[in-house]
Amino acid sequence: MAPSWRLGTPFLLLILGVLDQCGSVFSMVKRTSVAQGKAEDEGLMSHERVKRGWVWNQFFVVEEYTGTEPLYVGKIHSDSDEGDGSIKYTISGEGAGTIFIIDEITGDIHATERLDREEKTFYTLRAQARDRLTDRPLEPESEFIIKVQDINDSEPKFLEGPYIGSVPELSPIGTSVMKVTASDADDPTYGSSARVVYSVLDGEKIFSVDSKTGVIRTAVADLDRETQDRYELVVKATDMAGQMGGLSGSTTVTIVITDVNDNPPRFPQKMYQFSVSEGAAVGTPVGRVMAEDADMGENTDMSYLIKDEEGGELFRVSTDGETQEAVITVRKPLDFENKRTHNVVVEAINKHVDPRFVDLGSFRDQTIVRVSVTDIDEPPLFRPPVGAVMDVQEDARLGALVGVVTAMDPDQENAPVRYSIDRGTDQEKIFNIDPVTGAITLGKILDRETAGWHNITVTAVEADNPAQATKTSISIRILDVNDNPPELATPYEASICEDAKPGQLIHTISVVDRDEPQTGHRFYFTLAPEAANNRHFTLWDVKDNTAGIRTQRTGFNRREQNVYLLPILVVDSGPPALSSTGTLTIRVCGCDTEGTIQSCNATAYVMSAALSPGALIALLVCMLILIVLVLLILTLKRHRKGQRMSEDEEDMRDNVIKYNDEGGGEQDTQAYDMSALRSLYDFPEVKGADSGPDLHSLPQWVQSHVGGGDGLADFSMFRGYIRKKVEQADADLSVPPYDSFQTYAFEGSSSPALSLSSINTLSTTSEQDFSYLSNWGPRFRQLASLYAAGHPEEEGS
């Protein structure tokens with residue numbers, strides 16, 4: 001019969017009631033019997049060894065064993081084991097040899113250490129049966145599991161505690177606040193060790209907790225933050241479903257009561273008193289009041305307003321955003337003499353009203369702010385205060401009354417007032433004012449046409465305190481009187497054609513009048529008396545302050561009379577009526593068939609208006625071409641004249657003058673005396689035959705030409721030279737036709753001085769000493785050596 005493994009069930013597990021494993025054990029036993037029967041049948045049919053298989057179930061070991069002896073886990077046994085000790089049992093895997101040990105002979109497995117299911121729930125090991133002598137495996141290695149059986153050794157723990165939650169005040173009963181959760185490390189699939197229930201240990205009157213979910217809810221409906229703003233609860237979690245012997249854990253839950261706007265603002269006082277000077281400027285703070293609100297945060301935000309109409313007219317209230325105070329300021333100037341005390345009703349209103357709590361009452365409150373106005377010394381006040389307008393006729397006499405200004409002291413003392421005019425606004429002193437009565441009179445004659453309005457400033461001061469002063473502006477309007485006659489608007493001129501028809505309108509005239517009557521202008525036109533018998537033109541009054549000039553006869557001849565002067569009399573409507581006479585100049589002109597004026601006198605020519613733009617452009621182009629041609633001819637003539645002058649200059653010879661100065665070049669005319677050059681050509685007049693010429697006044701080369709016994713110099717060569725130059729000038733077309741004076745520099749045919757060059761200096765018999773050249777510097781040393789070298793030879797010869 002083939003051997004097989006048998007499973008030893010631990011007695012301790014049976015004690016613990018592991019009855020749920022009985023079915024598995026029964027199945028295991030059944031499978032073992034079937035396997036044994038099958039193996040026996042196969043053994044009868046064949047002598048081959050059949051592979052043995054492990055037949056067992058899981059082992060169980062209870063956790064947290066506290067005994068002194070190793071804890072029996074189970075037994076492994078092979079059918080081939082006949083109990084003679086020839087088989088050796090071994091195990092390997094997790095905890096083999098340390099946590100778990102096996103009896104090699106019996107196959108009993110024991111646990112040597114205290115196990116904790118929360119740390120490790122099972123161990124996987126492998127079993128092996130070997131021949132004790134040969135150590136040969138008798139069966140294939142098989143794997144088995146040792147499970148750690150759970151016991152209730154872990155209490156529930158609140159891993160996220162302590163908790164902090166919040167709920168609004170006045171929340172209804174059952175309002176969810178928050179949820180707490182406890183964790184149990186025991187096996188939730190085995191027994192009730194991990195089944196947790198919740199309860200409230202402290203604070204159960206205010207809050208409750210769901211025993212299964214851990215949700216905390218309100219137990220009352222009258223939570224008031226203003227009374228108590230936080231609560232602390234102790235919540236307990238118990239395992240074993242709360243049964244006797246279960247483990248428990250607790251945590252602290254802090255519940256904060258949040259604010260709602262359930263309290264209206266309230267003023268601590270029903271009346272506040274402040275004082276302010278009547279001279280306080282607009283915007284001056286009067287005082288601050290504040291309504292208190294038991295709420296917090298934005299629920300305390302409030303606005304203030306003034307309820308009574310009188311207080312709202314004189315004062316303004318605003319809210320300080322940081323302090324929530326009502327700031328009362330002056331809105332209009334105050335007057336102690338008019339009213340000394342003002343009662344202002346200030347109302348405070350919540351900005352964020354919760355409609356759920358409207359039935360709790362009005363969320364507003366009122367208080368009275370009594371403002372006392374204190375008296376100060378005020379400057380005089382004008383009546384009216386500003387903008388007075390006075391009228392005066394422009395022909396009013398000096399000293400005439402223009403108007404009266406009035407000011408009074410508003411204080412109780414009612415001090416007398418003195419008046420004056422600010423001369424910065426009346427520099428010409430046109431007006432005067434009585435310092436006591438305030439009567440304004442004329443100081444100069446007025447002219448409305450020069451200035452129709454005058455704006456002056458009047459100052460009023462207290463007689464006993466000039467520092468209290470007030471100014472007002474007075475506008476004085478100058479009323480017009482008819483003192484300017486009407487005049488023609490412009491010096492009118494009109495033109496008519498020679499073939500004008502009778503009744504033809506040739507011009508319309510208008511007039512101007514510097515006066516401005518209140519009823520408007522009305523002018524009347526007529527011919528002056530001296531033109532009453534005029535037979536050429538008539539005057540037509542259009543009745544709209546204009547008049548038309550019409551021809552009275554047919555045909556005009558400009559050769560007989562080309563200008564007509566027509567005097568016109570203009571009269572205004574007054575009063576009094578004033579008039580003036582203006583002259584209209586009418587010119588007789590020649591016209592074409594269409595009536596377009598061509599010319600108005602014998603010499604004048606009026607270009608036809610029909611001249612095309614193209615013709616005008618052509619005319620301008622022709623004029624431009626003529627100007628260019630004239631400029632070109634003048635430029636050519638000037639160029640030719642320059643060429644001839646340059647030729648004459650080339651023909652002249654230079655005169656060499658000896659001087660002992662080193663010049664600065666050709667452009668240096670200041671290095672030597674020019675008079676020496678000019679004296680060469682300064683010929684004096686020849687004296688009479690008796691005395692002969694003054695030979696000493698002539699240059700030496702001229703004296704040498706004086707010959708014969710007649711004592712006259714021979715100037716024939718000069719005459720020929722000058723004659724040649726005159727002929728050239730006569731033949732030159734660019735020379736102007738009038739006489740001109742020309743100076744010619746001519747040296748003559750030869751010179752007794754011969755050449756002045758230094759080339760042949762060594763061969764000359766000059767006795768001049770050039771030793772001084774060596775003192776002129778390095779540049780003259782070579783020249784000095786050349787001249788110094790020739791002197792010994794000459795002396796020796």
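Predicted model: local features only at pLDDT ≥ 70, side-chain atom pairs only at ≥ 80, totals over all residues.
**Disulfide count.** Next I looked up how many disulfides there are, taking sulfur pairs within 2.5 Å. I got two.

**Cys-497 and Cys-591.** I find these two joined, S to S 2.0 Å. The torsion about the S-S bond is -90 degrees, which I logged as left-handed. Cys-497 sits in strand β33 (residues 493–497) and Cys-591 in strand β39 (residues 579–591), so this link ties together parts 94 residues apart in sequence.

**Cys-589 and Cys-600.** Here I have the sulfur atoms 1.9 Å apart, and the pair forms a disulfide. I read 95 degrees about the S-S bond, a right-handed link. Cys-589 lies in strand β39, while Cys-600 is in the loop between β40 (597–599) and α4 (613–651), so the parts tied together are 11 residues apart in sequence. I have both Cys-589 and Cys-600 down as buried.

**Pairing order.** Last, which pairing do I get when I number the bonded cysteines of the protein in sequence order? I wrote down 1-3, 2-4.

Note on methods:
Residues numbered from 1 in each chain as written. Heavy atoms only, no water. Helix = DSSP H or I, 4+ residues; strand = E, 2+ residues; numbered from the N terminus. Buried < 20%, exposed > 50% of the residue type's maximum accessible area, 1.4 Å probe, protein only.
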